Amino acid sequence: MDKIIMDTAGFLAGLENAFPKVYTTEEVIQEVKDSFSRQNLNMALSSGKISVFKPKQSSMQEAMEYVRQVRDSTLSKADISVLALALELRPCLVLTDDFSLQNVLRLMGIEYKSVKVKGSVNDVKEFQYICEGCGKIYKHKVPECEICGSTVVKRSKKG
Ligand SMILES: [Zn+2]
């Protein structure tokens, strides 16, 4: 499995618990100030689940070069340290919802994944119930079709 690198948002969402081991940087750890997240983070840190790196100055500079290419000035020092770590650790997978970070990672050819912390509405699957006999659609589960008495099955609304 690729090494999982997490940015600040990931820790704020408690995502470190979803993986056996995660990698991050000192700058990211310092950005986690919310007390609940901090507590979780400290626990994960003391259990050795999180590997904290300080990227080399040369990696920071290499990351800055990529940032300059995308002409994005919204990236913080913590963001750049995540990019630098990704350069050092490859192969890795960076978990981030930050579009600016994703743009640079794409340029670097490093894999990333959106964590969708809050969850998008489009991701919630909608279901309906449909009669296998006559095709009548029910919004709620019914034991059998009230029209033809056939079995009513659950279907995803989309597709
Ligand atoms: Zn029916």
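A crossover is called right-handed if, with the strands pointing away from the viewer, the path from the first strand over the helix to the second runs clockwise. E4, H6 and E5 make a right-handed β-α-β unit of this kind. The labels refer to DSSP runs, numbered from the N terminus: helices are H or I runs of at least four residues, and strands are E runs of at least two.

The model is predicted: local features need pLDDT of at least 70, side-chain atom pairs count only at pLDDT 80 or more, and totals for chains, interfaces and linings use all residues. Residues are numbered from 1 along each chain, as its sequence is written.

The chain is divided into domain 1 (3-113) and domain 2 (125-156). These bounds come from an automatic or database domain assignment. The centres of domain 1 and domain 2, taken over C-alpha atoms, are separated by 47 Å. Ser51 and Cys131 are 80 residues apart in sequence, and their C-alpha atoms are 53 Å apart in space.

A UniProt record, from an unreviewed entry, places the feature "domain: Ribonuclease PIN" at residues 4-89. UniProt positions are given in the numbering used here, feature names are shortened, and annotations may be inferred rather than shown by experiment. Over residues 4-89 the chain is 58% helix and 13% strand. The end C-alpha atoms of this stretch are 10 Å apart.

Strand pairing comes next. Strands of a sheet pair through backbone hydrogen bonds, either parallel or antiparallel. Here, two strands pair if DSSP finds at least two bridges between them. E1 and E4 run parallel and are joined by four bridges. Ile5 has Val94 in E4 as its bridge partner. E4 also runs parallel to strand E5 (residues 111-113), with three bridges between them. Leu95 stands opposite Lys113 in E5.

E2 pairs with strand E3 (residues 50-53) in the parallel sense, over four bridges. The bridge partner of Thr25 in E3 is Phe53. In a regular strand the side chains alternate between the two faces of the sheet. In E2, Val22 and Thr24 point one way, and Tyr23 and Thr25 point the other way. All four are buried. A residue is buried if 20 or more other C-beta atoms lie within 10 Å of its own, exposed if 12 or fewer, and partly exposed in between, with C-beta atoms placed from the backbone.

Ser51 lies in strand E3. Ser51 is partly exposed because 15 other C-beta atoms lie within 10 Å. Leaving aside neighbours within four places in sequence, Ser51 is in contact with Lys21 and Tyr23. Contact requires that the C-beta atoms of two residues, placed from the backbone, lie within 7 Å.

A nonpolar core is a set of buried Ala, Val, Leu, Ile, Met, Phe, Trp, Tyr and Cys residues joined through C-beta atoms within 7 Å. The largest such core has 28 residues, and Ile5, Val82, Leu83, Ala86 and Val94 touch the most other members. Strand E1 (3-6), strand E2 (22-25), helix H4 (57-70), helix H5 (77-89), strand E4 (92-95) and helix H6 (99-108) each supply at least two residues. H5 gives the most, with seven residues. Beyond its neighbours within four places in sequence, Val82 is in contact with Ile5, Asp7, Thr25, Val28, Val94 and Leu101.

Glu62 is found in helix H4. Glu62 counts as partly exposed because it has 17 C-beta neighbours inside 10 Å. Not counting residues up to four places away in sequence, Glu62 touches Ala84 and Leu87. Glu62 and Leu83 are 21 residues apart along the chain, with their C-alpha atoms separated by 9.0 Å.

Pro91 is found in the loop between H5 and E4. A cis peptide bond, with omega about 5 degrees, joins Arg90 and Pro91. Most peptide bonds are trans.

A further sheet is open and has three strands in the order E7-E6-E8, with antiparallel pairing. Strand E7 (137-138) and strand E8 (152-156) are its edge strands, and each pairs on one side only. Two bridges join strand E6 (residues 127-131) to E7. Tyr129 stands opposite Tyr138 in E7.

Val142 is found in the loop between E7 and E8. Val142 counts as exposed because it has 12 C-beta neighbours inside 10 Å. Val142 touches Tyr129 and Val152, not counting residues up to four places away in sequence. Val142 and Cys131 are 11 residues apart in sequence and 9.6 Å apart in space, C-alpha to C-alpha.
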